[in-house]
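Please walk through this structure with the text below. The sequence and the structure come before the explanation.

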Protein chains: 2
Amino acid sequence: MTGMRPALSLLASLLCVTSLVGHAQDRPAASIHGFVPARLDAQRALEARFDAQVSTANLKAWLTQLAGRPHHAGSPHGKANVDFMAGLLRDWGYQVEITQYDVLFPTPTLRRLELVAPTTFSARLAEPALAEDALSKLQAEALPTFNMYSIDGDVTGDLVYVNYGVPADYEALERRGIDVRGKIVIARYGGSWRGIKPKVAAEHGAIGCLIYSDPRDDGYGQGDVYPKGGYRNEHSAQRGSVSDMPVYPGDPLTPGVAAKGGVTRPEFTKAQTLTKIPVLPISYADARPLLEALGGPMAPAAWRGGLPIPYHVGPGPARVRLQLAFDWKLVPAYNVIATLPGREFPDQWVVRGNHHDGWVAGATDPVSGMVAVLEEARVIGQLARTGWTPRRTLVFAAWDAEEPGLLGSTEWVEDVADTLRAKVVAYVNSDSNARGFFDAGGSHSLERLVNEIARDVPDPKVKGSVADRLLARTILQGSADERRLARDQRHFEIDALGSGSDYTPFLQHLGIASLNIGFGGEGEYGQYHSAYDSVDHYLRFQDPDLAYAAALAKVGGRAVLRLSEADLLPFDFTRSADRIGRYVDELGDLVKTLDSDTREHNTRLAEGAFTLAANPAETWIAPKKKDDVPEFDLEPLRQAVERLRVAARRFETAAQTTSDVPASALTAANAIVFQAERTLTRPEGLPRRPWFRHQVYAPGFYTGYGVKTLPAVREALEQRAWDEARAQIPIVAQTLERYAGEIERAASVLAR
Amino acid sequence: MTGMRPALSLLASLLCVTSLVGHAQDRPAASIHGFVPARLDAQRALEARFDAQVSTANLKAWLTQLAGRPHHAGSPHGKANVDFMAGLLRDWGYQVEITQYDVLFPTPTLRRLELVAPTTFSARLAEPALAEDALSKLQAEALPTFNMYSIDGDVTGDLVYVNYGVPADYEALERRGIDVRGKIVIARYGGSWRGIKPKVAAEHGAIGCLIYSDPRDDGYGQGDVYPKGGYRNEHSAQRGSVSDMPVYPGDPLTPGVAAKGGVTRPEFTKAQTLTKIPVLPISYADARPLLEALGGPMAPAAWRGGLPIPYHVGPGPARVRLQLAFDWKLVPAYNVIATLPGREFPDQWVVRGNHHDGWVAGATDPVSGMVAVLEEARVIGQLARTGWTPRRTLVFAAWDAEEPGLLGSTEWVEDVADTLRAKVVAYVNSDSNARGFFDAGGSHSLERLVNEIARDVPDPKVKGSVADRLLARTILQGSADERRLARDQRHFEIDALGSGSDYTPFLQHLGIASLNIGFGGEGEYGQYHSAYDSVDHYLRFQDPDLAYAAALAKVGGRAVLRLSEADLLPFDFTRSADRIGRYVDELGDLVKTLDSDTREHNTRLAEGAFTLAANPAETWIAPKKKDDVPEFDLEPLRQAVERLRVAARRFETAAQTTSDVPASALTAANAIVFQAERTLTRPEGLPRRPWFRHQVYAPGFYTGYGVKTLPAVREALEQRAWDEARAQIPIVAQTLERYAGEIERAASVLAR
């Protein structure tokens, strides 16, 4: 309790600072979170020197180089890119390591899709070369359109259209008396991560799965199609992994361990994350004849897409044959890891990464982000040659084999897990980038850091900072709460992270506080995972002058430099506590909603409302009675949140005293602060997916990339696994208590 | 105050009845509103005899007869239908009059639409004959696709896509820097009544207007197209009137007076309700090349329809030439008016009507409703020949020339207005009918009548009454309030009437309480106002066995028989008071919303949010600052509503005593009761449109068919005409006070 006295005496100045920041119109902001006043000017000067050296010419040159040819994992140009980047980084003064993991990378030896009844049609399954696109002419070295980690298969069956192919869609089909057992489903992209679609289809007994890009969501429904405009044309298909990534990412054959040396690999068919049925992505030109041949009831209004046809669900008379075979080979995945040792805290690492492999040439995904990371590394390398050395160790990483399922990053994280757990302060990820609005997701303890950075980086095309634009959009489109936050505190919130890029192993396997950053929303991006994600496309439709790649470098560079140079690491647990508190409130709301929906459903059933309102001319199967929702005691979670809030306030107050705190105490506090996120993990992981250890953030078991917060409880409730939910509540509460305990400890150290 | 004593003593039994009805599972309900217990059995027996005689064979035979050929106003088959129906009605014992009005009915002599740049295309403007549809082969006698009361014109201009063409759409265009002055707009059907589109286009300076049926809203987006399915095919276009009907319906040359005898008609070009610019409706096959040729920005996401193209707004490079010329002739419009005089109250008329003219053959619109009215008349004629005579006078009407703008009904109403004002108890309208859910709109004093009828008519295809199905759908789809009403009181609400069918002159010009009834929602109706609205279509896709036409006859027949036979006319002012109270509350909410939206808008403008969030690569024009919303004193309206509520309760209580009330008092009360709705009109009408006299219900000046309740105040607020809104509040309040006064008077008469 003695520790509270200096903190309290500083409360007034704290409030004053908050208020000042809240209404600050002068930019850059007067203070930078984590820096003592005496070091502010030096940091600002450092960031100004950084900004001044960021070169769009470099960005463009590297984009052209790296994305000049197809460069998937195991490809010659992929390896050339690795060597090229490693060479650059060495030249810039980094210690560079190229790590190699040998990972399962099946590529197609047979892809055939035919409509066999009532008419016949053979799908093209190819993206034609275009005069306007140099890359599209290099098809010989490109991966064709396919979904990686689909199993081999030769299946023939009646077709059923399943909308997005999520569980609710199958319920809607069941109401219409439609069963997909023994049938081939066709789902449109969207509504979930693609890997969920074959998983749920197989759970319902389907024998094959097609996934197509509907032109309303991804095609002419968005704008002019390529090459006239930037959107997906009729022959373009979205490649992508369909592994069961919510179970574990990385090499399917080596979960939890590095795919190298003498690691024991099972028979590939035993890999847990392969699909259970064959899956193929197709274009809307290939999908149209199939969908057009469907009979049966009309699809529900919300399922109808942009093809000029009535969308029926089937089953049949459309009958299709799908043949797929793969070469189940291993390929080497190469990460480039470049290190600049820290002067004062060499064992505190700030890791900045982006993947380098593309499905084809990946100008947008991932090269647009990769070049920003390279430029950050170059400029920081320059700074380090001109009188400055980072206080902490900086690690720049280029990951390979992200596309098939975060393989490069995951294998490395699994390889050196103990080191990373001990040393990494934070991981800052990027991936695709284009012109538009700044977007960030991540650990909420870093939300304040992100806000301050976004306030200090000018938008390249609009007068104002990238935060100003984001806040303006929030004011126009956000909820009342978000608007208030934007206006009163000039603060924007960041999204929780699910999955979909290389932060996952850091955040969700190891509990390393992470960020994912990028710009976008004003390009014309219809080439996701297609052969047309090319330099030609990028320079016409995404970020013609690389201005937003430069902006990304300025954001990423600042993140690295502030995490590296801070006196007290710029973590803000108040935002974290608030957000976790909101997630707990959401669980309470979820229980209430489940209960009232269940009662309403059962009442409707009892009063015959469903049957009375059903169209007598159509088949309609009444749903089942739902089991009652029991009561749940969320009090342990609420108490943990309360303790967390108090701890966060104590820490925030204590953190105001950094100028007076002895260096040894700061050092001790920092060691606790960056490790705090680790306490949000449990070694046992989540139920049925031990690889995912984070108890606050996880990709949804039935959403894929989409996040589920407090997943152990939330998903149990959503799946109506009442006992599991009840069992998980105290476990999650204990986790939150441990987190609060670490923050208390850090506060005490500071206030000593 | 003495009048209250017996009322209070009966309150307990009143509550008891409400409770019994609220939970009654026995059907038919124990009581019928307006009938003394002693006469209940006789009425039930009468209705049972009515039901027993309703014949689907008749309905089908007349459908086939009336819709066998094109029968627009002035056509040979139209006149044949009039004579046929008049003959039937005479045979059934009615006094039949055929009224003739000579009305402006311009038909096209030239229709030409061409894309003249950047490529050329000549629109087909025709609905081809189909092997599956006999009617489609009779094109020679059919009206072509056109919009009636478009002016002549020959205009050439750049094309602009304006979405639904409502005022908000032009604001969105303005934000994008797009001005339609001197241009031709293309709007899609929907979002407002069609006549609003050229009106708003002309207000914004456009020189021509095309209206097309987008396939998402009206075509393959709904299901299989004709003739495979029932929905609109690519060549089908929606004919329809584009007169400025919210100003006045009926013959454009004779507003307020009958178009007959020596009436003075202005030069046709002087008619106030003609469009200001030429207008033509087109099919989606004709629209596609035009829309596809548009450049400029992408249309906002919500504007994009179902064509397989990116929807741009223009202007140009698409440039079109539209040529239209009409033969501005008069044609005779013939109504059939069949009367069965009442035994006891010959000067109290119950009027039941449906129009008989179609745009082409109109199997659905209007014949499906017309045949039900005929069958009601036939069965009632039979009943009147077998020992029963109606207590009140029954009038069955078949209106001509509804399609061009309610001409037949309006001219008749204007012709014999004084008689109708004095004598008509209520008007019951129908129009199109198909299988599905019962739907009713009308004066809320008749909401209870409609509920009781719907409870007593069984659904022809689903076990339960037509009310049961409607209540079930309300439970599945309604708001929490609607659900509660459905469950606790087994009561459904009816919509307020705007315009779109022949109730308008009765309700909104004369203040005659009106209902509009019909079934629908489970047919496949994609042939609205097309040449394919045929018997073939109807019998395949709308109501194959005419079961729902029979259900309509049972509903309509009951409405007539209950209004005819009631001891106390079945008006329920409590529902009316509640609903008007809600409309007043809505005005309060509207003021609050206008105020908060205005403040938010001006704040956003001041803080630069619009500009910051706009895409710097696109043109974007900041909106203007909005004038502040002043305060409005709605207290006079609230007080009037309170008085109305009290009066309605007094009346309801007094009405429980009908068994004890002397016949003379019932007669006196009835005379007040059916006239009460008249007090909701003002002879001055609404601002700028004196023909519309009802102060509670009116078609919206900028919505067309869509209703605006308490329109004098609501529309003034919506148009930000603050002074007018302020001036209209006391006027509307006085109107409501007069209405309350009449109800008080009726209650006093009953309680005497």
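In this predicted model, Ala187(A) stands opposite Ile211(A), a residue of strand E7 of chain A. These two residues are a place to begin, since the strands around them belong to a sheet. Strand E6 of chain A, residues 184-188, runs parallel to strand E7 of chain A, residues 208-212, and five bridges join the two. In general, the strands of a sheet pair through backbone hydrogen bonds, in a parallel or an antiparallel way.

Two helices can be followed from here. Helix H7 of chain A, residues 196-203, packs on the sheet and touches E6, E7 and E9 of chain A. The direction of H7(A) makes about 145 degrees with that of E7(A). Helix H8 of chain A, residues 284-292, also packs on the sheet. H8(A) touches E2 (107-117), E3, E5 (153-161), E6, E7, E9 and E10 (319-327) of chain A, and its direction makes about 130 degrees with that of E6(A).

The sheet as a whole is open and has seven strands, in the order E3-E2-E10-E5-E6-E7-E9 of chain A, with mixed pairing. At its edges are strand E3 (121-122) and strand E9 (279-282) of chain A, each of which pairs on one side only.

Some backbone details come next. Most residues other than glycine have a negative phi, and most peptide bonds are trans. In the loop between E5 and helix H6 (167-175) of chain A lies Asn163(A), whose phi is positive, near 60 degrees, though the residue is not a glycine. Is Asn163(A) buried or exposed? Asn163(A) is buried, because 26 other C-beta atoms lie within 10 Å, and 20 or more are enough to count as buried.

Leu710(A) is another residue that is not a glycine and has a positive phi, here about 45 degrees. Leu710(A) sits in the loop between strand E18 (707-709) and helix H22 (711-718) of chain A. With 24 C-beta neighbours inside 10 Å, Leu710(A) counts as buried too.

A cis peptide bond joins Tyr226(A) and Pro227(A), with omega about 10 degrees. Pro227(A) is in the loop between E7 and strand E8 (240-241) of chain A. In chain B, a cis peptide bond joins Tyr226(B) and Pro227(B), again with omega about 10 degrees, and Pro227(B) is in the loop between strand E7 (208-212) and strand E8 (240-241) of chain B.

Now to the domains. Chain A is divided into domain 1 (42-104 + 331-439 + 512-569), domain 2 (108-328) and domain 3 (574-751). Between the C-alpha centres of domain 2 and domain 3 of chain A the distance is 33 Å. Their contact takes 17 residues from domain 2 of chain A and 15 residues from domain 3 of chain A. On the domain 2 side of chain A, H6(A) gives the most, with three residues. The residues of that side divide into 10 nonpolar, four polar and three charged.

One more helix remains. Helix H18 of chain A covers residues 573-607. How far apart should the ends of its 35 residues be? At 1.5 Å a residue, H18(A) should span 51 Å, and the end C-alpha atoms are 50 Å apart, which agrees. The buried residues of H18(A) include Phe573(A), Ile580(A), Val584(A), Leu587(A) and Arg604(A). An α-helix has 3.6 residues a turn, so residues three or four places apart point the same way. Just after H18(A), Gly608(A) takes a positive phi of about 75 degrees.

Definitions and conventions
Residues are numbered from 1 along each chain as its sequence is written. Chains are lettered from A and ligands numbered from 1 in the order in which they are written. This is a predicted model: local features need pLDDT of at least 70, side-chain atom pairs count only at pLDDT 80 or more; totals for chains, interfaces and linings use all residues. Helices (H or I, at least four residues) and strands (E, at least two) are DSSP runs, numbered from the N terminus. The expected span of a helix is 1.5 Å times one less than its number of residues. A residue is buried if 20 or more other C-beta atoms lie within 10 Å of its own, exposed if 12 or fewer, and partly exposed in between; C-beta atoms are placed from the backbone. Two strands pair if DSSP finds at least two bridges between them. Two residues are in contact if their C-beta atoms, placed from the backbone, lie within 7 Å. Axes are lines fitted to C-alpha atoms, for helices over the stretch in contact, and angles run from 0 to 180 degrees between N-to-C directions. Domain bounds come from an automatic or database domain assignment. Ala, Val, Leu, Ile, Met, Phe, Trp, Tyr, Cys and Pro count as nonpolar, Asp, Glu, Lys and Arg as charged, and the others, Gly among them, as polar.
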